[in-house]
Structure formats: C-alpha cells, structure tokens
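Visitor: I am new to reading protein models. Could you walk me through this one?

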Amino acid sequence: MTKTLLTFIATAMLSSTALAADIKPALVYGTGGKFDKSFNEAAYNGAEMYKKETGTEYRDFEPTSDTQGEQAIRNFASKGFSPVIAVSFAWTSAMEKVAAEYPDTKFVIVDSVVELPNVRSVVYNEAEGSYLVGLLAGMASKTGKVGFVGGMDIPLIRKFGCGYAQGAKSVKADMQVFQNMVGTTGAAWNDPVRAGELTKNQIDQGADVIYAAAGASGLGVLQTAADNKKFSIGVDSNQNHVHPGSVLTSMVKRVDLAVYNAYKDTAADKFTAGIQSNGIKDGGVVYAVDDDNKALITPEMKAAADKATADIIAGTVKVHDYMTDNKCPL
Amino acid sequence: MDYFDIFVSILGSTIRLSIPLIFTALAGLFSERAGIFDIGLEGKMLAAAFAAACLAYVSGNAWIGLLGGIGVSILFSLIHGFASITNRGNQIVSGVALNFIAAGLTIVLGQAWFNQGGRTPGLTGDARFAPIILPGVDVMREVPVIGPLYANVISGNNILTYLAFAAVPLSWWILYRTRFGLRLRAVGENPAAVDTAGISVAFLRYRALLVTGVLGGFAGAYLAIAQSAAFINNMSAGKGYIALAALIFAKWKPVPVMFACLLFGFLDAVANFMQGKSLPMIGEVPVQIFQALPYVLTCVLLAGFIGIARPPKAGGVPYVKER
C-alpha cells in the first residue's frame, strides 16, 4: 500500500515538473480579510484575473490574527507552492524567516521590503497617488478645509497623509488639512466607530472632503461622510461603489496587477526578485473614475489631475515621501 | 471654529459614544445587584451586535435586527446563569469563557456566511436606525447657546439613544420602587434571607439575568446597526470592560451609572478631538492619556480616594441552600 502510494506521489511530482508553465500559486491576505472592499480584495481580484485567463487554480488563506501569517506562508512553501504572495506589511518578519528557509521557492511581499534573493518586494508610491486625490479634494472642497483619517499610526500611513496634504495645498496654499489616526495598534484597522467619530469631528470643524486610509475602519469614514452629505475618498481598491455620489474618488493601488504579474512572470520563467516600485508613471497608483463618480469629477478637476500627473512624471512636481525622513514639510 | 462650537461638537460625540456604555453598564447593574458578577458584558455586546447586523441585513428591518440582538444576548445571559446559578460555577470563569466564545464565533460565522473577513455586509435605509430630527430644529438653530445645543446634541440622534436615557430612570424605578427590585437587591446582599422569606433565589437571579440580556442586546444593536452600518470583527473594542468600570465607578447605582458613562464617553470624545492638537502651555498631549483615564479613575476610586465602592455582598458567591 505504502509502496503504491509512494509511486503515485513520485509520478505526480514527475508530471508536475514536466509542465514548466504550470505553476502552483498561493496567496496570503492581510488580517483585514479577503473581501475588505479594499487592499486584500484587490489582491484577490488579481489572482482571480490570472485564474480566469489561464485556468490555473490558486490557493489562498485569510489569517485572522497577526500570529497566523508566518504559519500560513510556511505551510504553502512546504507544500511546494510557488510563488507565495503575502499582501501586507505585517508579514515582513514572517517572510524574512520563511523565505530564508525555502530558497528555491519564489516569494512576493506587497507593501514592504524583504531583501532576499528569492523575494520580490512590491512597494507603491502612495504619496503620489495621495497627492492626486488631495488635489481633487482641494478642488471639490467648498469650505477650504479637507480631512484625512489614517488607520494605524505608522510611517506608511503618514506617507498617505503627507502626500494628500501636499496635493490639497497645491490648489490653495491656505487650505486647512485635518489629520487624524484611528489608533496605534493593529485594532485600528477594524474600528469603524472611532474612525466615524474622528470623521464627524473633522466635519464639525468644517471639513467637507475626507480621505480614509484606514483599512476596514475606512468604511466608517465613508459611512459618516455619506450620512452627513459630505465627500469621502476611498483607498487601495476602487471604493466609489460603496456610497455612490458621496465617494468622490478612490486612490487605487494596483495590487491586483502586482499579484497577476507575479503569477504571470513565474509561469513565463521571468520572475525577478528585488524591489519593484510602482508610482504614477508605471500606472501602479491611480485615482478611480467610473460610473459612480463620473458626475462628481468636473472637467476642470480632471484637467488639473492630468496636468499634475504629467508634472509628477516629468519631475517638475516633487511629492514628498514621508518614509524617507519621517517628516512632512508642510 | 470658536470654543462654543467645539464644545457642542464634543458633547454630540460624547452622547454617541456613551450610549453603548449606558446600556451595557445598566445590564451589568441588574446582574451584579442580584449577586451575579458579569465579566461577560463585552461578549454579550459583541454577539448581540453580530446577530443584529445579520438579521437587519437579511430582513432589511432594523427592528428585527434589534430583536435578534436581544435574543442572542439573552441566550448568552442564560448560559451564564446556567453555569453560575444552576451549576454554581465560578462566575468570572463563565463570563470570560463567554467573551472568548463571542469573539471567536462571530468571526467564524461571519466568515462562513458572508465571506468578508468576519464582517457583515453594509446596511442601508431601513436596515439601520436613522437619526431622528426633532421638530423645530430649524427654528431653534437661530437661538443663541440653546439653539446649537438643541440642534446638534439633543436632536439628530437615533431612537436607541433616547431609549438609553429612558432606561436609566426606568431602571431606578424597577430597582427601588417595585417588589421585584427590592427582592433583586436583597438577593444580592443576603440571599439566605430572601430564601427564608419563601422566594426562590435561583428564579429571581435568572430573571435579573434576563433583564441583563435585554439591555446587552440594545447595546450591541446600537453598535452595529445604529452607530455603524455593519458588524466588524471585535467592534466592541473593550467597551464592555469600560462599562464595567463605569458600573464600579458609579457604585452600582443607576443614575450615577449614567453620569459615569457620560464622563467616560466625554473622555473618549476629548481624546478623539485632542489628537494632534496642542494645548496652550502644555503642548501636544498623547491621546492615550485620555483613553486610559477611565481605568485610572476607577483604580483611584477602588483605592478609596473617592468615597468607598462597596459591591453587593453576595456578589460572586453561588447560593447554596444548606451547608
């Protein structure tokens, strides 16, 4: 019995190596959950896109706590999955450990950098994307006051806020930008009540466009803005549909493309390790326009955003990256 | 924005943040005055929030959601009662166990049913309790001082907010002016005396827990279908424990419970408002100071600095008829 089983496994392994293009992709989400209408859902969409195109099945896992990430990544790696994609900066240390243990497996981490020869680190220039939506917020604001609600108080989120403020102030130098953070622990990504209160607070102070960069807490921001008939701006994936007419636009990080490309590159044997930085130039960060918000983006706003995009690509407008010096020059 | 506007804004925020605390602390009041410590308030709130969000989503009616929340909260109460009254188990252990069950079960069920990482789908329209605009707001708004207070603090809340404030005098009346209330307080102080009078201690305590369940259901429903528009993992975020602190801070009395909850809500609102702002002379104050204040104040109280907090005498002790 054991012998037959072993033979079976051996044949199975042989047949899988025979098909070079056949990959066994895996995906580990962040703790926000697969359908968070944001970051993780974008990763899921990328994997689904690849599955639809090639028919290759993928395996995914949704860790529900910070301790499960390492286990999940190791589990996939030990079962021969490659590439293993982990989306969230929270898995940085887990990735460092596991990727060193499985040097032949290909890994991808999104939103963080792991310097190992078998890891591709996909990072985004969120400051540039936030600059664009900040510009749109500044133009849409009637009060001259806009708000930002971040999730956890970490440099990455400050980077969003800093780019946003810079964009808003490019419209009017005396634009007031309120910035709040939901919390200092991982719980800050899942606290829509506090996020909603912070939003209400900013609205009471006169803000009429509020940008949420707070994972699932951001849904509280969008909800409060919609309840109070103000504008909000979504983040990571296109959230315009959450409250059509109230969500001005969304700062979209093309995490779906990162996942899709990683699978495609591996299948074509073109996988490259190292840092892959996506900014406006590479189409890695964009502001979303669709049927839900078409009416909210005026032609002037579109023209201004297009000009800013061109200026950033040309280098005439420099968007400050908070993470380079942990300071915001505004 | 002048200081008065800031004050009004913070007061409005205080009301919104206090409501779940008031419901939960009153829930705890009934069970603790009957001699059953209830550390499981957090779990009740969470489970009720989940049930309310699910049922409101499925039925599209906020009232059905509220009923569902109350039902689940009562179920949790009765399990607590079965463990600690009928089987004379340790009340703290049973309460903590229920908290863990609620935290885990809501995520697992939510994930299985809706596939959104434990969240429930967003609610719109009638599936939520909408703010009620009281009559005359537009006229009153022009009146100085009272106008903005009426328009932004008193009006514009949802029905559960008004019910919470109605529940406070009602609780006082039940506890201090009805036969049930007298017996409930007695059973928390000296169950043997109640038993001697020919009244069933167990039945009385179960009834107290039913009231706890109902109020816990209101708290959870407020979180999920009035303040927010969906259930989100661990959305109670420690409010059950803050409510417990408020209950102790208020020395187990209904009206002081309301004021303690309002104080804690106010501290939370100030913490939200103070973020990133600096005070004259002092500079920027870390928000954690305000967030820790409820617990610090409760500790100071327990240490005996603000009067004496005396818990019900028979609290935490299972009643045994004969020794």
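Guide: Let us start with contact: two residues are in contact if their C-beta atoms, placed from the backbone, lie within 7 Å. Keep in mind that this is a predicted model.

Visitor: What does the domain assignment of chain A give?

Guide: The assignment gives domain 1 (2–125 + 255–278) and domain 2 (126–252 + 285–325). Their centres, taken over C-alpha atoms, are separated by 30 Å.

Visitor: How many residues of domain 1 of chain A are in contact with domain 2 of chain A?

Guide: On the domain 1 side, 13 residues are in contact with 15 residues of domain 2 of chain A. Helix α2 (residues 39–54) of chain A gives the most to that side of domain 1, with three residues.

Visitor: Now the two chains. How many residues of chain B are in contact with chain A?

Guide: In chain B, 26 residues are in contact with 28 residues of chain A. Three elements of chain B give two or more residues each to this side: α1 (3–33), α10 (201–227) and α12 (254–274). The largest share, four residues, comes from α1(B).

Visitor: Which residues of α10(A) are buried?

Guide: A residue counts as buried if 20 or more other C-beta atoms lie within 10 Å of its own, and as exposed if 12 or fewer do. In α10(A), the buried ones are M301(A), A305(A), A308(A) and I312(A). They cover an arc of only 60° around the axis, so they sit on the same side of α10(A). The other side has exposed residues, among them E300(A), D306(A) and K307(A).

Visitor: What do the buried residues of α10(A) pack against?

Guide: They pack against α5 (126–140) and β12 (285–287) of chain A. Just after the helix, G315(A) takes a positive phi of about 90°.

Visitor: Let us turn to strands. How many residues of β9 in chain A are buried?

Guide: Strand β9(A) runs over residues 231–236, and six of its six residues are buried. Look at its partners next. Strand β8(A), residues 209–213, pairs with β9(A) in the parallel sense over three bridges. One pair to find is Y211(A) with I233(A). Strand β10(A), residues 247–253, also runs parallel to β9(A), joined by five bridges. There, G234(A) has S250(A) as its bridge partner.

Visitor: What should I look for in the backbone angles?

Guide: Most residues other than glycine have a negative phi, and most peptide bonds are trans. Now look for exceptions. A cis peptide bond joins S82(A) and P83(A), with omega about 0°. P83(A) is in the loop between α3 (68–78) and β3 (84–87) of chain A.

Visitor: Is D111(A) buried or exposed?

Guide: D111(A) counts as buried because 23 C-beta neighbours lie inside 10 Å. It is not a glycine, yet its phi is positive, about 80°. D111(A) sits in the loop between β4 (107–110) and β5 (119–124) of chain A.

Visitor: And where does D269(A) lie?

Guide: D269(A) lies in the loop between α9 (255–267) and β11 (274–278) of chain A. Its phi is near 60°, also a positive value in a residue other than glycine. D269(A) has 9 other C-beta atoms within 10 Å, so it is exposed.

Conventions
Residues are numbered from 1 along each chain as its sequence is written. Chains are lettered from A and ligands numbered from 1 in the order in which they are written. This is a predicted model: local features need pLDDT of at least 70, side-chain atom pairs count only at pLDDT 80 or more; totals for chains, interfaces and linings use all residues. The arc is that of the directions from the helix axis to the C-beta atoms. Two strands pair if DSSP finds at least two bridges between them. Domain bounds come from an automatic or database domain assignment.
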